[in-house]
Amino acid sequence: MNNGNIIGNDTSIESSSKYVSILNVTLSGNWKINDGYPEWFGAIGDGIADDRNSIQTAVDNCNVVHFRNTKYKLGIIYYQAGQQGNLFISKNVKLLGDNTELILEGKGQIFTRKGYSEHSPVYDKFKVNPKELIVENVNYLSNIIKVNNAHRFNVGDTILIRGEDSRINTDYEECDAWDINTIKQINSDNSIELMSPIAFNIDITKCNRSGGISKPTMNGCIIKIDITHLVIDSFKFKENQLSNVFDFQYCTNIKLSNIEVIHKGVASFKHCANINIDNIIHKFSYSNNVNYGSIQLWGVKNCYIGKIIRHDCGIT
């Protein structure tokens, strides 16, 4: 298939071959593609051609994306003024490599939703998900939260709850005053019943509605989480310009395994829960007098870190 727009109606694409071609085609509507390959959407996989658009299309439309044992080059996308990355993950997906090398141009980063409150000047899909301000104080171990408009959410949605309970004399969010929870019921008075109680108070008079340290989403609010299952396995990355190859924000149930990174950090996690990290090789040079950490954690709950091998690979 070449050129045009294909509208899916809960449509699946199935093939045992990675060489099916869907070139210069826009996929719209609803698709149910379980297993797919970047090559289906035009990827070359020679390490020279820019395969970013093809890989992004595969990630956006497939539940599982299989990569060959080759090199893929990913060009730059701009998601915010002055901010750039290479691959945006916005939904549950498995990225399964085969000791696959991803060459990331520019600052070199694979990222989930950044949460910026301003609209992206380029891609609307990078906008923060709908958020609603909490309008009444929440007591410790309560499972009821009242917001401005609860009906922007659905029963079963996974949400991030960000609060501030005045234990510290600032308008910033405390590091432990947050929770990832699930909506059990939405009531007519804009109150939301949660699956489980939250383990902190929320004093809305202490919340900084304009941001502070918690600016992308503000504290004293809830925000829908898109990514509740994410698997990335068997990839390698060479030198990039940012401190971490992966930037995960507002996710739960993440598995990162069999990853090799040369020179910079591997991954950062912010407001994520249920993380499994294992079999990481971090080849690092100390000759530039900078020690990049392999894994950075900020506001993380329930994290397992298995084997991480760090050693000097002599890069200058």
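Mentor: Glu 39 and Arg 68 form a salt bridge, with 2.7 Å between the closest N and O atoms. The term stands for a side-chain nitrogen of Lys or Arg within 4 Å of a carboxyl oxygen of Asp or Glu. This is a predicted model, in which local features need pLDDT of at least 70 and side-chain atom pairs count only at pLDDT 80 or more, while totals for chains, interfaces and linings use all residues. Residues are numbered from 1 along each chain as its sequence is written, and side-chain values use heavy atoms, with hydrogens and water left out.

The pair of Glu 39 and Arg 68 links distant parts of the chain, 29 residues apart. Glu 39 sits in the loop between strand E3 (33-36) and strand E4 (46-50), and Arg 68 in the loop between strand E5 (62-66) and strand E6 (71-74). Strands here are DSSP runs (E, at least two residues; helices are H or I, at least four), numbered from the N terminus. Glu 39 has a relative accessible area of 6% and is therefore buried; that word means under 20%, exposed means over 50%, and partly exposed lies in between (1.4 Å probe, protein chains only).

The structure holds 7 salt bridges. Another one of them joins Lys 146 and Glu 136, whose closest N and O atoms are 3.7 Å apart. Lys 146 belongs to strand E13 and Glu 136 to the loop between E12 and E13, so this pair ties together parts that are 10 residues apart in sequence. Lys 146 is partly exposed at 27% relative accessibility, and Glu 136 is partly exposed with a relative accessible area of 42%.

Glu 193 also has a salt bridge, made with Lys 184, and the closest N and O atoms are 3.8 Å apart. Glu 193 is buried, with a relative accessible area of 18%, whereas Lys 184 is partly exposed at 43%.

An open sheet of 6 strands has the order E12-E17-E14-E15-E16-E13, and the pairing is antiparallel. Two strands count as paired if DSSP finds at least two bridges between them. Strand E12 (131-133) and strand E13 (144-146) are the edge strands, each pairing on one side only. On average, neighbouring strands of this sheet are turned by 40° against each other, direction ignored. The axes are lines fitted to C-alpha atoms, for helices over the stretch in contact, and the angles run from 0 to 180 degrees between N-to-C directions.

Now follow the order from E12. E12 pairs with strand E17 (residues 221-224) in the antiparallel sense over 3 bridges, and Lys 131 stands opposite Ile 223 in E17. E17 is also paired with strand E14 (residues 158-162), antiparallel, over 4 bridges; Ile 159 has Lys 224 in E17 as its bridge partner.

E15 and E16 run antiparallel and are joined by 3 bridges. They form a hairpin with 4 residues between them, and Asn 190 in the turn has a positive phi of about 70°. Glu 193 in E16 is the bridge partner of Gln 185. E13 and strand E16 (residues 191-194) pair in the antiparallel sense over 3 bridges, and Ile 144 stands opposite Glu 193 in E16.

Elsewhere, there are 2 cavities of 30 Å³ or more. A cavity is a set of points on a 1 Å grid over the protein atoms alone where a 1.4 Å probe fits but cannot get out, and lining residues have an atom within 4 Å of a point. Points are joined across faces, edges and corners, and the volume is the space filled by probe spheres set on the points. The second largest cavity holds about 30 Å³ of space. Its lining consists of Leu 95, Leu 102, Ile 110, Ile 232, Phe 235, Phe 237 and Phe 246. E10 and strand E18 (230-237) are the elements that give two or more residues to this lining, and E18 gives the most, with 3 residues.

Methods: On a 1 Å grid over the protein atoms alone, a cavity is a set of points where a 1.4 Å probe fits but cannot get out, and a pocket is an open set with protein on both sides within 12 Å along at least five of seven lines; lining residues have an atom within 4 Å of a point.
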